[in-house]
Amino acid sequence: MALDFRVLILAADDERIGRLSAGLDALGWRTVTARTLDAAEATLGDFPLEAAIVDADAFAPDVAVTLRNAAEPRRLPVIVIGARGDAIPGADLAMSSPPHPAQASLRLEQLIRAAIAEEEFRLRQTTFALRGATIEIDTGSEESLRVLAAGTADRRFLALSNALTAGGAEVIAAPTPYTAFDYLHESSFDAAVLWGADDHAPALSIASGMKRNTRLYHIPLVLYLRGGNEINLAELYGRGFADVAAADTPEDETAERILALAAAHRRFVNIRRALDSVRGLEVMDPATGLFTPELFAAHLARIADGARARKRPLSVCVLRVRETEAVTQARRSHWLDRAMPQIGAMVSRLVRVEDTPARLAPEVFALALPATRGEAARLAAERIAAVIGCTAFDAGPDRSPFVVEFDVGSAEMRDGETPGALLERASVDLFAGAVR
């Protein structure tokens with residue numbers, strides 16, 4: 001049986017985070033436990049673990065830094081339980097008590113995606129630097145973190161706002177859901193904290209609205225409970241809350257957790273902007289803004305080397321415009337060429353920030369998906385093909401709009417396989433699927 005461990009648990013015993021470990025296992029985050037720091041470092045060397053959770057009581061304050069160094073060159077997110085953030089350097093999240101497994105699952109997903117995006121940014125910096133182009137994370141937008149505080153005025157809620165302000169954040173107060181959405185649509189925020197009234201209805205209304213909006217979807221939401229009412233935490237995390245602070249949680253600790261979420265979100269947004277900025281560079285395909293074949297080949301080699309060094313999977317997908325009568329007619333009249341910039345833009349927007357999209361030929365696209373297994377890569381490519389297939393493109397005067405369908409192929413990198421062979425296997429899979 002494959003040892004598909006994903007999360008390292010470092011704890012001297014199971015008293016504090018044993019239940020959290022079991023809960024993560026039940027949610028598909030298979031954990032492996034180390035009782036000593038030496039054992040943890042050895043485990044990180046043996047398995048391609050994606051994150052670590054540490055019970056801080058039995059270990060030195062620099063434990064997170066030590067684990068990060070042991071996992072290099074893989075960037076390892078570290079969550080520390082039983083300590084505050086200022087006491088544990090290098091921790092991505094510090095909490096005084098174990099989170100609900102559903103909450104931990106959400107935070108792990110966010111932290112791991114951010115780590116992979118950061119790895120991809122560093123690789124892409126090197127690829128473009130060798131071609132005389134520079135991409136940088138915008139440091140000019142490092143003004144104070146902006147936090148929306150939505151809810152009616154209350155002593156504890158005001159205390160939380162003061163703690164956030166003392167932590168360097170700019171806090172914007174919104175007393176009602178209506179004013180909250182006005183602020184959200186007028187300016188950008190790094191996090192939102194919602195005051196849980198007795199029935200939680202206003203907070204849930206704001207959360208539901210934000211999760212239905214593509215621009216607001218990724219803003220981390222924190223629910224600050226007003227009392228000790230019975231509440232289903234798993235349901236709240238399922239609704240998209242990144243954190244839920246109990247009524248007895250000290251305001252300064254809640255503020256630290258909100259600021260950590262906000263800082264991580266700001267960093268991820270800045271990385272996304274930096275990665276998206278390459279679309280306008282001269283080395284990119286001029287019609288679509290995607291990687292050219294030569295640039296993609298060079299960067300795929302770098303991604304493959306990085307995947308092997310970090311013990312992460314890597315998959316490649318190929319999408320080719322399917323030959324249909326409508327496409328044939330659109331090609332003859334050059335309307336297919338006119339649709340290509342829009343199709344390329346859609347491909348670029350439908351992939352994750354860490355994925356690399358390319359235009360290999362006039363009607364052939366490729367995707368490099370780091371940290372992705374083969375089956376998941378195929379599903380991602382098929383989803384992109386399905387979304388584009390629902391879009392009608394102009395076919396000229398007096399003609400009905402046409403749609404573009406794709407044949408899809410995918411392959412996951414094997415041990416010792418070259419990037420060229422990986423891309424070739426994905427292309428073979430595409431042709432095999434088209435024949436079927």
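**Ground rules.** I worked with a predicted model, where local features need pLDDT of at least 70, side-chain atom pairs count only at pLDDT 80 or more, and totals for chains, interfaces and linings use all residues. I number residues from 1 along each chain as its sequence is written, and side-chain values use heavy atoms, with hydrogens and water left out.

**The sheet.** I took helices (H or I, at least four residues) and strands (E, at least two) as DSSP runs, numbered from the N terminus. Strands count as paired if DSSP finds at least two bridges between them. I found an open sheet of five strands, ordered S2-S1-S3-S4-S5, with parallel pairing. S2 (31–34) and S5 (93–95) are the edge strands, each pairing on one side only. I then looked at S4 (residues 78–81), which pairs with S5 over three bridges in the parallel sense. Val80 has Ala94 in S5 as its bridge partner.

Helix H2 (residues 37–46) packs on the sheet and touches S1 (7–10) and S2. Contact here means heavy atoms within 4.5 Å.

**The cis bond.** I located a cis peptide bond between Glu72 and Pro73, with omega about 5 degrees. Pro73 is in the loop between helix H3 (63–71) and S4.

**Positive phi.** His334 is not a glycine, yet its phi is positive, about 70 degrees. His334 lies in the loop between H11 (325–332) and H12 (335–350). Asp398 also is no glycine, and its phi is near 65 degrees. I placed Asp398 in the loop between H13 (374–389) and strand S14 (406–412).

Key:
Axes are lines fitted to C-alpha atoms, for helices over the stretch in contact, and angles run from 0 to 180 degrees between N-to-C directions.
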